[in-house]
Amino acid sequence: MKAERIFQIEIVETLSNLVEISAENEQEALLKAQELYRNEEVILYPDDLIDTKFNVFK
């Protein structure tokens, strides 16, 4: 009879939402998007799920 082992499985879900930002340059757009996200003006929902990965750590 084989002995059972313990495995650590990391489950990683990727959510994605495309947001249009008006800005003078890419850096400004990124900063605005980050601020909107931090202020919960942009929220990712379960329907925004695009991928799930399972990683095994021994």
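**Figure 1. Aspartate 48 in the loop between H1 and S2.** In this predicted model, aspartate 48 occupies the loop that lies between H1 and S2. Helices (H or I, at least four residues) and strands (E, at least two) are DSSP runs, numbered from the N terminus. Aspartate 48 is buried yet takes part in no salt bridge, and the nearest side chain of opposite charge, that of arginine 38, is 18 Å away. Buried denotes under 20% relative accessible area, exposed over 50%, and partly exposed the range in between (1.4 Å probe, protein chains only). A salt bridge requires a side-chain nitrogen of Lys or Arg within 4 Å of a carboxyl oxygen of Asp or Glu. For charge, Lys and Arg count as positive and Asp and Glu as negative, while His and the chain ends are not counted. When neighbours within four places in sequence are left aside, aspartate 48 is in contact with Thr14, Leu15, Ser16, Asn17 and Ile43; contact means heavy atoms within 4.5 Å. The model is predicted, so local features need pLDDT of at least 70 and side-chain atom pairs count only at pLDDT 80 or more, whereas totals for chains, interfaces and linings use all residues. Residues are numbered from 1 along each chain as its sequence is written, and side-chain values use heavy atoms, with hydrogens and water left out.

**Figure 2. The salt bridge between glutamate 28 and lysine 32.** Side chains of opposite charge can pair when their charged atoms come close. Here the side chains of glutamate 28 and lysine 32 meet at 3.4 Å, N to O. The count of salt bridges comes to one. Because glutamate 28 and lysine 32 are four residues apart in helix H1, about one helical turn separates them. Glutamate 28 counts as partly exposed because its relative accessibility is 26%; lysine 32, at 34%, also counts as partly exposed.

**Figure 3. Alanine 23 in the loop between S1 and H1.** Alanine 23 is placed in the loop between S1 and H1. With a relative accessibility of 33%, alanine 23 counts as partly exposed. Beyond its neighbours within four places in sequence, alanine 23 is in contact with Glu28, Ala29 and Lys32.

**Figure 4. Glutamate 40 and its positive phi.** Glutamate 40 is located in the loop between helix H1 (26-38) and S2. Most residues other than glycine have a negative phi. The phi of glutamate 40, a residue other than glycine, is positive, near 60 degrees. Glutamate 40 is exposed, since its relative accessible area is 60%.

**Figure 5. A nonpolar patch on the surface.** Phe7, Ile9, Ile11, Phe54 and Val56 form this patch, and together they have about 520 Å² of accessible area. Strand S1 (8-15) and strand S2 (49-57) are the elements that give two or more residues to the patch. Patches are made of residues with over 30% relative accessible area and no salt bridge, with like charges joined within 9 Å and nonpolar side chains (Val, Leu, Ile, Met, Phe, Trp, Tyr) within 5 Å. Accessible areas come from the Shrake-Rupley method with a 1.4 Å probe, and for residues only the protein chains shown count as cover. Isoleucine 11 belongs to strand S1 and, at 53% relative accessibility, counts as exposed.

Figure 6. Valine 56 is part of strand S2 and is exposed, with a relative accessible area of 52%. Although valine 56 and isoleucine 9 are 47 residues apart in sequence, their C-alpha atoms are 4.7 Å apart in space. Residues up to four places away in sequence not being counted, valine 56 touches Phe7, Gln8 and Ile9.

**Figure 7. The setting of the close-up views.** Buried residues make up 5% of the 58 residues.
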